[in-house]
Amino acid sequence: MKPPVVLGIESSCDETGAGLVRDGRLLGHAVASSMDAHARYGGVVPEIAARAHLHALRPVVQQALDEAGLGLCDIGAVAVTTGPGLSGALQIGLAGAKGLAYALGVPLYGVHHLAGHVAADTLEHGPLPDPCMVLIVSGGHTSLLLVRDLARDPITHLGDTLDDAAGECFDKVARVFGLPYPGGPAIDRAARDGDPRAVGFPRPLPGSYDFSFSGLKTAAARWAEGHAGGALPVADGAASLQEAVADALTRKAVAACAEHGVGTLVVVGGVAANSRVRSLAEERCRAAGIALRVPPLRLCTDNGAMIAAVGDLLVRAGAEPAPLDVSIDPSAPLERAALHPVAAARAAA
């Protein structure tokens, strides 16, 4: 039998996403962002994000269906982000997914948001090699993972964020530099006119696979304070900061590939859209004889297609659907692709 069309719904932060995947192929997807509503505050406001999801969810699902040339009756399964993320935002997506799955009489699958980022690459480059090394770099997470069968096997963590993630570092330093939110794209643009060797920013935790960008953030802030009363060379600061982040990320990832005998590195998440992270990863992987896979820019940031991709993998692997009382876990660790937390009352019973 032909695998069903899987609808994926993503609402963990400030993007409302819907995507449709069947048998590893992306049929259509749409994203609505509330980023402009948060920009004046310099970061995501949870209540604003949740309200935006409430208004955007139905139109986004319809837009994805229209792009695919499908109707609701063509959906054979629904997948939704159940964590981690903002509690109110996750609840909106889960409520919508439950309603659709119940109305259509199809199974529902809870998906870990970070597993979605990993699966996003499969929509462009096909099945993941077993094993592969995955570097996740997003706004709130930086992790180095050893991945085998994403739908069936547990995920091995080699390193994780100890404090600020790479994306957080970009956002916070951008604000210090007087650049707009979100900070990652702003730093990337400013860095084009700067010298990456102008400032000797530190490389955090050089002897570990864990990540720490809090000290780098502080070093950049102190450097900016040193120019108080004068012109701040923003381009040089941005280029040097970006170089330090890209160096730390790619050096650890390539070293982990070599140590574990893995021939493929997959770089995913919002910060994977950064031009220097991509170019330095290409350079170092080429020198080490490692195959590099990075999703296209449209699949790096949060989207429903990546959640549908995980749902599609789970369906084809014969995984059990989520229970009727599946809930959310805003701080869920990444252990497996499927994430089926239940309400506290049942868990305590």
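1. Helix α6 crosses helix α7 with a left-handed sense. A crossing counts as left-handed if the near helix is turned anticlockwise from the far one by less than a right angle, and as right-handed if clockwise. Helices (H or I, at least four residues) and strands (E, at least two) are DSSP runs, numbered from the N terminus.

2. Some ground rules. This is a predicted model, in which local features need pLDDT of at least 70 and side-chain atom pairs count only at pLDDT 80 or more, while totals for chains, interfaces and linings use all residues. Residues are numbered from 1 along each chain as its sequence is written, and side-chain values use heavy atoms, with hydrogens and water left out.

3. Back to the α6 and α7 pair. Helix α6 covers residues 166-176 and helix α7 covers residues 183-191; they pack at an angle of about 65°, with axes 7 Å apart. That angle makes α6 roughly perpendicular to α7. Axes here are lines fitted to C-alpha atoms, for helices over the stretch in contact, and angles run from 0 to 180 degrees between N-to-C directions. Angles under 35 degrees count as roughly parallel, over 145 as roughly antiparallel, 65 to 115 as roughly perpendicular, and the rest as oblique.

4. Which residues of α6 and α7 meet? Phe170, Asp171 and Ala174 come from α6; Gly183, Gly184 and Ile187 come from α7. By class, the residues of this contact are three nonpolar, two polar and one charged. Contact means heavy atoms within 4.5 Å. Ala, Val, Leu, Ile, Met, Phe, Trp, Tyr, Cys and Pro count as nonpolar, Asp, Glu, Lys and Arg as charged, and the others, Gly among them, as polar.

5. The loop between α6 and α7 holds Pro182. The peptide bond from Tyr181 to Pro182 is cis, with omega near 0°. A further cis bond runs from Asp130 to Pro131, with omega near 5°. Pro131 sits in the loop between α5 (122-125) and β6 (132-137).

6. Next, α8 against α9. The axes of helix α8 (residues 214-225) and α9 cross at roughly 165° and come within 11 Å. That makes α8 roughly antiparallel to α9. The crossing is right-handed. From α8, the contact uses Leu216, Ala220 and Trp223; from α9, Gly237, Leu241, Ala244 and Val245. Six of the contact residues of α8 with α9 are nonpolar, one is polar and none is charged.

7. How many of the 27 residues of α9 are buried? The count is 20, and α9 is mostly covered. Buried means under 20% relative accessible area, exposed over 50%, and partly exposed in between (1.4 Å probe, protein chains only). From first C-alpha to last, α9 reaches 39 Å, close to the 39 Å expected at 1.5 Å a residue. The expected span of a helix is 1.5 Å times one less than its number of residues. Just after α9, Gly261 takes a positive phi of about 65°.

8. Helix α9 also packs on α10, at an angle of about 35° and with axes 9 Å apart. This crossing is right-handed. On the α9 side are Gln242, Glu243, Ala246, Asp247, Leu249, Thr250, Arg251 and Val254; on the α10 side are Ser275, Arg276, Val277, Leu280, Ala281, Arg284, Cys285 and Ala288. The contact of α9 with α10 has eight nonpolar, three polar and five charged residues.

9. Helix α10 (residues 275-288) has 14 residues and should span 20 Å at 1.5 Å a residue; its end C-alpha atoms are 20 Å apart, which agrees. Its buried residues are Val277, Arg278, Leu280, Ala281, Arg284 and Cys285. Their cover includes α9 (234-260), β9 (264-268) and β10 (291-293). An α-helix has 3.6 residues a turn, so residues three or four places apart point the same way.

10. Two non-glycine residues deserve a look. Asp23 has a positive phi of about 55°. Asp23 lies in the loop between β2 (15-22) and β3 (25-33) and is partly exposed, at 45% relative accessible area. Leu205 has a positive phi of about 45°. Leu205 is in the loop between α7 and α8 and is partly exposed, at 32%.

11. Is Asp193 buried or exposed? Asp193 is exposed, with a relative accessible area of 69%. Asp193 lies in the loop between α7 and α8. Asp193 and His113 are 80 residues apart along the chain, and their C-alpha atoms are separated by 35 Å.
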